[in-house]
Amino acid sequence: MPHPWTARVISPSRPAQPSAIAAQPSAIAARPAALLRGEFTVRAAVRAARLRVTALGVYELELNGAVVGDHVLAPGWTSYRHRHRYQVFDVTDLLREGANAWGAHLADGWYRGLLGFNGGTRNIYGEDTGLLAELRIEYADGTAHTVTTGGDWRWSAGPVTAAGLYEGEEYDARREQAGWSEPGFDASAWAPVRLLPFDTSVLFEADSPPVRRIESVAPVAVTTSPAGRTLVDFGQNLVGRLRIRVRGEAGRTVTLRHAEVLADGELCTRPLRHATATDRYTLRGDADGEVWEPRFTFHGFRYAEIDAWPGEPAPADVSAVVLHSDLRPAGWFSCSDASLNRLHENVVWGMRGNFLDVPTDCPQRDERLGWTGDVQVFAPTAAFLYDVRAFLRSWLCDLAADQHDDERGVPPVFSPAIPVITPVPIPPGNPPMAGWCDAAVIVPWVLYERYGDTEVLRAQYASMRGWVDAVDRIAGDGRIWGEGFQFGDWLDPAAPADDPGRSTTSSSLVATAYFAHSARLLARTARVLAEQDDAEHYGALADSVREAFRHRFHAGGGQLMEETQTAYALALCFRMLEDDAERAEAGRRLAGLVASGAHRIGTGFLGTPLVCDALTDTGHVDTAFGLLTERSGPSWLYQVDMGATTVWERWDSMLPDGSVNPGEMTSFNHYALGAVADWMHRTVAGLAPAEPGYRRLLVRPRPGGGLTWARAAHETPYGRAETAWRVEGDLLLLDLLVPPDTSALVDLPGAEPVTAGPGRHTFHTPLPQRQPQLQPQK
């Protein structure tokens with residue numbers, strides 16, 4: 001157990017006021033960051049020094065003039081009222097014998113800053129920012145003492161004159177105070193801090209990777225727009241902020257604006273909605289030049305517009321600093337089709353930009369929320385590409401804590417849960433939402449499948465059960481639910497620009513299928529946890545819901561009452577149809593729908609992750625490849641051909657003429673539709689878990705789409721697994737690496753499955769004859 005906190009939360013002595021630079025809306029909205037400092041004395045012979053620190057807001061802490069750690073936007077965003085993260089640093093090497101000083105920049109961040117749609121909401125978690133820090137120093141003689149934040153600290157306004165996650169940051173270098181975090185600094189003009197009440201029982205040591213600066217991206221071009229503005233193109237839609245190197249006269253303010261796309265050659269900011277995404281730097285006038293990067297904001301952008309630069313910026317003067325949670329890369333994919341490789345790279349970049357402390361939907365506009373539906377469909381892809389075990393476990397703890405606030409047991413549609421005014425007519429309160437709230441069940445199960453993590457099932461079991469029980473009460477004895485407003489198959493490509501929820505598949509079909517699926521996964525979870533009574537109860541519930549689904553939505557013989565790609569994908573993947581003949585007919589009808597649509601996608605957020613699996617499982621892998629490789633919109637490769645470098649929110653966020661979709665929701669970095677990468681890993685490359693945690697591999701590549709080779713690698717809990725197949729003449733050759741202490745079931749097309757043990761193996765089999773493409777239904 002960590003020792004109890006003796007530190008107090010300190011805050012500026014009066015509420016921070018809006019920036020005095022009121023020429024722009026962002027300056028009026030965003031509030032300044034404060035500087036806080038204290039001093040202490042250290043004896044000789046320090047053996048160890050350990051710092052614990054967090055903030056009501058976001059902080060950057062310095063000790064004797066050196067920044068502590070390399071975290072960005074710490075302590076990050078959690079459901080603060082339930083779980084408030086703190087960081088721990090070893091600062092032994094930063095201490096000096098005698099006088100020492102420490103201090104922090106302190107800004108609003110998620111705690112007090114602007115969050116949400118339609119202008120957003122401030123002060124969601126509190127009206128005051130604060131800093132809580134405790135430094136325990138141990139000496140060689142066995143003694144120790146602790147110094148803390150407290151009433152002896154002082155504060156001052158600093159050079160960050162405005163900072164907001166949506167708005168951007170303004171920094172006046174003329175207001176810097178040299179040596180402010182070093183001993184001996186004259187702080188007589190600084191004001192005393194206030195002490196704030198704070199319940200330390202919500203504190204927990206950081207349990208997931210911090211946000212860090214991951215890499216720096218150089219511009220690919222610096223150009224002049226038709227209106228004469230300077231534009232910097234980084235060639236990649238990314239998440240982070242700019243670092244500039246500039247030399248000019250004191251008092252000049254350089255303005256940096258950000259956007260994902262251009263419209264008519266100019267920066268297109270309409271998709272950002274109310275997020276102004278503008279940074280400003282006022283020079284102090286150093287003859288040798290100045291280097292600046294914002295501390296307390298981030299943007300989603302490919303392009304930056306620079307105004308009032310002294311002279312003309314050179315490419316070397318500007319770089320983009322990529323920010324995201326520092327997750328360990330764990331999976332790789334490539335194939336013989338360059339467009340599919342670009343699609344996969346788009347998926348990776350989309351995940352990187354949106355796994356920034358919270359698994360967000362988008363990183364650029366006035367939203368950036370932890371939408372449950374998005375991560376629910378993307379979790380299998382995420383778990384292949386990066387080690388997300390700790391990241392998603394921590395987020396699930398927030399989800400369960402927020403869910404606990406709802407007396408019905410309904411999880412929020414995004415976590416951390418905050419009050420928002422949405423641009424779509426969501427019912428008041430915390431409405432149960434199929435496919436979104438199901439993240440409470442599905443994401444823990446994915447972590448179990450991919451990491452063999454039974455503890456996440458145990459930790460989330462009450463949350464999982466709470467959601468299924470809530471739907472059981474809502475649906476009642478009829479077992480059908482989903483009437484009224486639902487997100488449903490959100491952003492179905494047939495939905496009009498101003499009505500993203502208008503799907504060709506009914507919300508009741510979607511909701512009931514998810515009800516059965518979550519009940520089935522809960523029954524499996526109960527068996528894993530040896531909760532036998534629950535296993536039987538929820539297994540019977542799942543069977544009952546499936547029968548209700550069949551009664552309402554099954555026309556007989558494998559045909560559904562709703563002839564849509566999503567309806568058949570859900571019915572097949574969630575096992576609403578179990579009979580082999582019915583499944584075969586449903587697969588044939590799904591393939592016919594795809595063919596009659598010229599292999600263009602017909603699914604939204606919930607159907608898209610399943611449709612290729614539904615086709616593959618019923619013998620129509622060539623049709624699945626037809627979907628994957630179709631280039632006319634709506635399709636994955638339409639986005640690639642339109643120059644996408646991340647996955648879009650809408651299939652047509654950009655229209656064929658290069659204009660931006662007029663709808664309210666036109667993010668160019670949304671990972672949900674990139675969930676197809678999981679099928680690419682498992683089916684195109686053929687690398688999947690056959691047992692939880694990859695204790696046994698399923699190696700079942702299914703070549704198609706004109707590909708001549710594909711490969712994948714994944715760092716499993718047991719070590720690295722690799723598959724690599726290629727076509728040579730009329731043979732299919734497979735190279736396989738099986739990790740230690742595991743085995744692999746190798747299932748090549750046209751061959752009998754075999755088992756392979758640890759080590760490297762090569763297999764070959766005659767390439768099967770391709771089936772002709774299914775023609776449109778009559």
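A: W371, F414, W436, F485, F487 and W490 form one aromatic cluster. The model is predicted: local features need pLDDT of at least 70, side-chain atom pairs count only at pLDDT 80 or more, and totals for chains, interfaces and linings use all residues. Residues are numbered from 1 along each chain as its sequence is written, and side-chain values use heavy atoms, with hydrogens and water left out.

Rings of Phe, Tyr and Trp (its six-membered ring) pair if their centres lie within 6.5 Å; planes under 30 degrees apart count as stacked, over 60 as edge-to-face and the rest as tilted. The structure holds 28 aromatic pairs. One of them joins W371 and F414 edge-to-face, at 4.9 Å centre to centre and 75 degrees between the planes. This pair links distant parts of the chain, 43 residues apart. W371 sits in the loop between β28 (358–359) and α4 (372–385). F414 sits in the loop between α5 (389–404) and α6 (439–451). Helices (H or I, at least four residues) and strands (E, at least two) are DSSP runs, numbered from the N terminus.

Buried means under 20% relative accessible area, exposed over 50%, partly exposed in between (1.4 Å probe, protein chains only). W371 counts as buried because its relative accessibility is 8%. F414 is buried too, with a relative accessible area of 6%.

Y638 and W648 also form an edge-to-face pair, at 6.2 Å centre to centre and 90 degrees between the planes. Y638 lies in helix α14 (residues 636–641), and W648 in the loop between α14 and α15 (677–684), ten residues apart. Y638 is buried at 8% relative accessibility, and W648 is buried at 3%.
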